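This report describes a single protein chain. It covers charged pairs, annotated positions and overall composition, in that order.

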Amino acid sequence: MVAFSSLFLALAAAGSALASPLELYKDLKQMEARSTLTSPGTGTHNGFFYSFWTDGKGSVNYNNEDGGKYSVTWSNVGNFVAGKGWKPGGAKVVQYTGTWNAANVNSYVSLYGWTTNPLIEYYIVESYGSYNPSSGTSKKGTVQSDGGTYDIYQTTRTNQPSILGTSTFQQFWSVRTVKRIGGTITTQNHFDAWSKAGQKLGSHDYMILATEGYGSSGSASMTLQGP
């Protein structure tokens with residue numbers, strides 16, 4: 001790898017008319033702030049935890065961008081989940097903005113996370129496309145939060161992928177009745193409502209603002225603004 005300083009000196013000596021060293025430095029820093037993943041993985045980027053999972057069908061390009069921003073495009077996928085957030089998750093007041101070009105296909109945007117002991121997969125669904133992801137679940141009640149109503153559901157996943165490998169576990173859902181992209185999510189309101197419905201979380205693992213697609217194609221760009 002050529003050192004930035006050597007590259008700048010070479011360009012200056014050549015009298016490059018394409019870009020000044022400062023402009024080149026800015027371009028390189030922008031590239032550094034953006035990382036594209038086509039294979040699944042987890043890690044940290046610009047102070048946020050990220051997770052990208054796919055079953056390997058179709059194609060998915062996931063991009064970590066500056067700060068709490070990410071973007072993702074997908075084509076003819078089986079199933080994928082990707083986004084930025086925190087590890088551990090927990091009680092947070094999350095603010096986000098974004099664009100989601102998948103309103104007419106099987107996709108959804110949610111605050112998505114896991115706990116252990118017990119192993120729980122949970123979703124606070126902000127918007128979904130052609131398929132309500134809570135279909136086939138058991139309704140447990142409703143919760144009012146952040147200017148909207150969410151229906152509460154629970155279901156069992158048997159021998160399915162999890163953060164602990166193939167396992168059987170419960171899924172908890174809050175599904176917003178009036179869809180939106182952008183706003184505030186007060187997670188503790190949902191945790192409390194689930195608890196009152198007999199849905200007990202364990203110790204928090206990661207939590208991300210996730211885009212998920214199933215048997216579909218689309219694109220999204222999301223930005224976490226807090227906390």
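Asp 151 counts as buried because its relative accessibility is 15%, where buried means under 20% relative accessible area, exposed over 50% and partly exposed in between (1.4 Å probe, protein chains only). The model is predicted: local features need pLDDT of at least 70, side-chain atom pairs count only at pLDDT 80 or more, and totals for chains, interfaces and linings use all residues. Residues are numbered from 1 along each chain as its sequence is written, and side-chain values use heavy atoms, with hydrogens and water left out.

Asp 151 forms a salt bridge with Lys 139, with 3.4 Å between the closest N and O atoms. A salt bridge here is a side-chain nitrogen of Lys or Arg within 4 Å of a carboxyl oxygen of Asp or Glu. Lys 139 is in strand E10 (residues 138-145) and Asp 151 in strand E11 (residues 148-160), so this pair ties together parts that are 12 residues apart in sequence. Helices (H or I, at least four residues) and strands (E, at least two) are DSSP runs, numbered from the N terminus.

## Other salt bridges

The whole structure contains four salt bridges. Side chains of opposite charge can pair when their charged atoms come close. Glu 126 belongs to strand E9 (residues 120-128), while Arg 180 sits in the loop between strand E12 (167-176) and strand E13 (183-186), so the pair connects parts 54 residues apart in sequence. Both Glu 126 and Arg 180 are buried.

Lys 87 and Asp 205 also meet through their side chains, at 4.0 Å from N to O. Lys 87 is exposed, at 52% relative accessibility, whereas Asp 205 is buried, at 19%.

## Annotated positions

An unreviewed UniProt entry carries the annotation "active site" for Glu 121 and Glu 212. The two span 92 residues in sequence, yet no two of their C-alpha atoms are more than 13.9 Å apart, so they gather at one spot. Glu 121 and Glu 212 are both included in the lining of the largest pocket. UniProt positions follow the numbering used here, feature names are shortened, and annotations may be inferred rather than shown by experiment.

Glu 121 is in strand E9 and is buried, with a relative accessible area of 7%. Its contacts (heavy atoms within 4.5 Å), leaving aside neighbours within four places in sequence, include Tyr 112, Trp 114, Phe 169 and Phe 172. Glu 212 lies in strand E14 and is buried as well, at 6%. Not counting residues up to four places away in sequence, Glu 212 touches Asn 79, Phe 80, Val 81, Asn 106, Ser 107, Tyr 108 and Tyr 123. With Asn 79, the side chain of Glu 212 makes a side-chain polar contact of 3.1 Å; such a contact is a pair of N or O atoms within 3.5 Å, where within protein one must be able to donate a hydrogen and the other to accept it, and residues adjacent in sequence count only if both atoms are side-chain atoms.

## Overall composition

The protein has three helices and 15 strands. Of its 227 residues, 48% are buried. Among contacts between residues at least 6 apart in sequence, 65% join residues at least 24 apart.

Methods:
1 Å grid on protein atoms, 1.4 Å probe; cavity = no way out; pocket = protein on both sides within 12 Å on 5 of 7 lines; lining within 4 Å.
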